[in-house]
Amino acid sequence: MEIRSAYTEIRDDVFYVNARIDYRLNQSALDALENGVRLNVELDIDVRRRRRLIWDPAVAELRQRYRLSYHALSERYVVSNLNSGDVESFSDLATALSWLGRIDRLPLIDAPLLDDDSRYDVSIRAVLDVKELPGPLNLLSRFWGDWRIASERYSWRLER
Amino acid sequence: MKRAAAIGLGILGFSFWFGSMLLLGRATEGADEFGRLYGSLFLLNAIGVVTLIVLIAVNLVRLVRDYRSRMPGSRLKSRMVATFVILSVLPLVIVFYFSVQFLNRGIDSWFSVDVEKGLSDALNLSRATLEIQMRDYLSATEEMAVRLQEWIPVGLAGELARLQRQSGALELTVIGSNSRIVASISDREELDVIATPTEEILVQLAQGLSYVGLDPLANSGYQIRTAAMIPMVSPFSEQRMLLAIFPVSERLSSLADAVQHAYSDYGELSYLRRLLKYSLTLTLTLVLLLSLLTAVWGAFFFSRKLVAPIQNLIAGTRAVAQGDYDTQLPLPGNDDMGFLVRSFNEMTRRLSEARRQASASQATIENERAYLAIILGRLSTGVISLETDWRVRTANQAAGSILGFDLESGIGRPLLEIARESSLLEQFVDIARRHIMAGDSEWREQIVLKAEGGRRVLMCACSGLNSESGELAGYVMVFDDITALMQAQRDAAWGEVARRLAHEIKNPLTPIQLSAERMRRRLLDRIEEKDAQVVERATRTIVQQVEAMKEMVNAFSDYARAPDMDLIQIDLNHLVLEVADLYRAREIDVTIDLDLDSELGSVEIDPGRVRQILHNLIGNAIEALNHKKGGRLWVRTALETDGEIRLLSIVVEDNGPGFSLDAIEHIFDPYVTSKPKGTGLGLAIVKKLVEEHGGRVDAANRDEGGARMSIVMPVDDEARTALLRKEAHSTDYKGERA
């Protein structure tokens with residue numbers, strides 16, 4: 001799983017994120033999905049102000065969360081945007097994943113909120129995990145199985 | 001207060017432990033709010049487990065250390081801990097084993113083939129039902145598309161509305177080329193966005209096929225989406241498609257949803273069952289561990305609580321064994337152990353009390369003993385107590401003084417052994433042993449011992465000491481030195497004899513003498529020469545012998561006579577010189593040497609009596625020398641002190657034959673003499689005169705040969721009084737004088 005490309009564009013004083021993510025599920029995740037276990041997909045997007053010596057403070061943090069599941073009755077893969085509540089269904093997994101991997105014009109931050117003199121970096125990371133399981137299963141899922149897949153963090157400079 | 005706090009803390013800890021275990025169990029069950037707490041609860045319980053392990057380890061180390069150092073009670077504690085642990089751990093482990101087995105089999109039994117097949121069939125049934133409806137809606141959509149081919153955009157909306165009403169579709173949309181929406185009508189109030197054809201639809205339609213699909217809605221329910229190409233009127237007309245969205249009846253939706261959910265949940269659970277087994281086993285293990293460790297720790301705790309009073313008792317017993325009777329143990333409670341501890345405390349209290357009383361009794365006995373020792377010490381009577389084996393048990397100072405041996409240092413030693421060290425004691429012991437060997441434990445006898453300075457007369461009484469059981473436990477011998485008393489009695493008797501002799505004998509002597517003289521005078525001229533010689537010889541003898549008898553009677557008279565003392569201050573040295581000069585003037589063969597102490601000065605004495613003493617002593621000595629060639633005589637005076645008391649000393653020595661040992665005992669008795677001539681009253685008178693001065697006289701032989709007479713008397717009246725007082729209190733002086 002990797003971030004193929006990501007960039008920001010500014011339009012009407014708002015920064016938008018565009019990204020292309022290649023979601024590739026491993027066998028565990030595929031098995032889980034086929035058996036009706038829902039998978040969570042989370043997109044972490046940070047805007048951080050660069051500082052020379054000390055840590056970089058986060059100016060904005062965006063969490064875009066999706067849920068991917070297999071609907072046995074309709075034999076379709078259902079993707080729910082947990083932020084907006086939108087639901088999309090697809091007849092095959094590849095389509096669903098490609099739909100998930102296409103981020104177009106996701107509003108990130110208002111440009112006036114940023115300091116003109118500072119440098120800002122944007123980073124994005126995608127994490128795919130089994131849905132939050134009840135009670136002890138959740139704890140054990142951390143140690144058994146390799147459902148959790150995370151991409152490398154992809155960073156770029158916020159250009160105006 | 002401390003106990004209440006401990007109980008409170010215990011209840012709190014138990015509640016916390018039990019609560020957390022309950023919550024853990026509840027959290028394991030499902031997806032409610034406890035499910036989210038599972039992680040925290042697990043961590044909390046894990047911390048509990050670690051804490052308990054640490055506590056148990058500490059307790060175990062302590063127990064092992066106590067056991068190795070053989071600390072009292074550690075063995076009992078070890079046994080109790082082992083018993084508790086076995087009793088609590090074994091059932092828990094068995095229950096755990098069967099629980100895990102039951103759990104695994106139970107979970108496996110949920111996921112049977114039959115259930116899976118049933119669910120799958122239900123899903124297929126639902127799908128078939130929906131597919132019938134989908135096919136109907138697809139046909140309807142294709143029909144509507146055909147009907148719309150004639151319609152140009154003008155009036156299309158009206159036709160769409162009519163078709164919608166007829167078909168019961170939720171939304172109808174006509175899409176032109178480039179996905180342009182030509183016309184649309186929708187009853188979907190919840191959405192303000194008109195559905196556009198998805199890529200999937202476009203691909204399907206491009207292949208000349210109509211599209212039908214079942215779309216699950218966000219929350220619940222379904223909608224059926226259809227799409228069909230609107231046939232072109234002419235080859236040049238625009239390609240258009242009709243998109244329709246149909247509702248699925250609520251009843252069917254809910255049934256289908258139920259089946260879908262059941263199928264999905266079952267599938268999920270079936271897929272996760274291994275994890276589920278692990279999680280339940282883990283929870284169970286954690287609860288078991290907590291219970292088990294709590295039980296083990298409880299075993300340590302309660303065994304410590306139970307053993308503590310026993311350890312206290314052991315420590316207390318040791319303390320009592322070492323003589324600490326004041327030991328009081330803390331009360332563990334009102335149970336049997338409390339009763340035992342109370343009894344122990346009562347016992348030590350009584351022991352302590354008994355010891356205090358014993359100490360008091362001992363102190364009383366010690367006081368009595370000391371008091372007795374003081375009395376014995378003050379007694380002038382000698383007291384010796386003996387064990388049956390003749391070991392000296394008690395001996396007072398007077399006994400030592402009388403027998404001339406420090407008997408007090410010989411306490412504990414056999415008397416027969418000590419006796420070898422002193423001849424006086426040996427004689428005494430011989431007499432005593434003779435009685436006791438003869439089985440005579442009660443006896444009384446006046447015994448005479450031969451000493452260097454003369455004989456000692458003791459009045460001795462012995463008595464057997466009987467124990468409480470009546471057995472002979474020893475002897476006590478009480479004796480008094482009665483030498484002086486005997487001497488005094490003898491002196492008194494001799495005085496009486498002398499007085500009577502003087503009186504009875506002197507009276508007829510004068511008539512005898514006178515008769516003899518008259519007989520001589522009358523008869524001498526008248527009888528013949530021959531007879532006259534006889535008469536002359538006879539009468540002369542009578543007169544001479546009567547004269548001698550008179551002298552003797554006068555001497556006795558002098559001895560018996562006791563004129564008043566005439567004490568005056570006089571220079572003793574001068575007196576001695578005077579008397580010595582008298583003898584020197586007689587031209588005798590004896591050299592008289594004087595050694596007079598110039599510090600003596602004037603002393604308070606009766607000069608007449610002292611002159612008599614000097615005459616008697618010097619005269620005796622000169623007679624003893626008996627014209628011996630080189631005969632010498634020494635007279636010494638000196639000032640002596642006995643403590644604070646000032647005494648004068650007169651010593652007369654000669655180098656003559658000295659006293660025979662037999663005579664020395666009776667030298668001061670009247671009518672005892674070693675001389676061919678003499679009345680035998682000289683030394684008796686000396687002794688009488690010295691004693692009248694409050695002094696004493698001793699006779700001894702010089703080591704170099706010859707006799708020594710020593711006189712000691714007080715220098716004045718004050719010293720005389722002090723000496724008398726001292727004599728009354730001192731057994732020493734008495735002993736020595738005797």
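Cavities to start with. This predicted model holds 2 of 30 Å³ or more. By cavity I mean a set of points, on a 1 Å grid over the protein atoms alone, where a 1.4 Å probe fits but cannot get out; lining residues have an atom within 4 Å of a point. Volume is the space filled by probe spheres set on the points, with points joined across faces, edges and corners.

Take the second largest cavity. About 30 Å³ of space lies in it. Its lining includes B:Glu171, B:Arg225, B:Thr226 and B:Leu243. The lining divides into 5 nonpolar, 1 polar and 2 charged residues. Which strand gives the largest share? E5(B), with 3 residues. Strands E4 (222-230) and E5 (240-247) of chain B each supply at least two. Strands here are DSSP E runs of at least two residues, helices H or I runs of at least four, numbered from the N terminus.

Ground rules. Residues are numbered from 1 along each chain as its sequence is written, and chains are lettered from A in the order in which they are written. Local features need pLDDT of at least 70, side-chain atom pairs count only at pLDDT 80 or more, totals for chains, interfaces and linings use all residues, and side-chain values use heavy atoms, with hydrogens and water left out.

Now salt bridges: a side-chain nitrogen of Lys or Arg within 4 Å of a carboxyl oxygen of Asp or Glu.

B:Arg225, from the cavity lining, pairs with B:Asp215 at 2.7 Å, N to O. B:Asp215 sits in strand E3 (residues 211-216) and B:Arg225 in strand E4, so the bridge ties together parts 10 residues apart in sequence. Buried or exposed, this B:Asp215? Buried, at 7% relative accessible area. B:Arg225 is buried too, at 15%. The cut-offs: buried is under 20%, exposed over 50%, partly exposed in between (1.4 Å probe, protein chains only).

Next, B:Glu578 and B:Arg611, also 2.7 Å between the closest N and O atoms. This pair links helix H15 (residues 572-584) to helix H16 (residues 607-625), 33 residues apart. B:Glu578 is partly exposed at 33%. B:Arg611 is partly exposed at 31%.

Chain A. A:Arg4 bridges to A:Asp22 at 2.8 Å. A:Arg4 is in strand E1 (residues 2-11) and A:Asp22 in strand E2 (residues 14-22), so parts 18 residues apart are tied together. A:Asp22 is buried, at 18%.

Last, B:Phe98. This residue lies in helix H3 (residues 74-110) of chain B. At 53% relative accessibility, B:Phe98 counts as exposed.

Terms used:
1 Å grid on protein atoms, 1.4 Å probe; cavity = no way out; pocket = protein on both sides within 12 Å on 5 of 7 lines; lining within 4 Å. Nonpolar A, V, L, I, M, F, W, Y, C, P; charged D, E, K, R; others polar.
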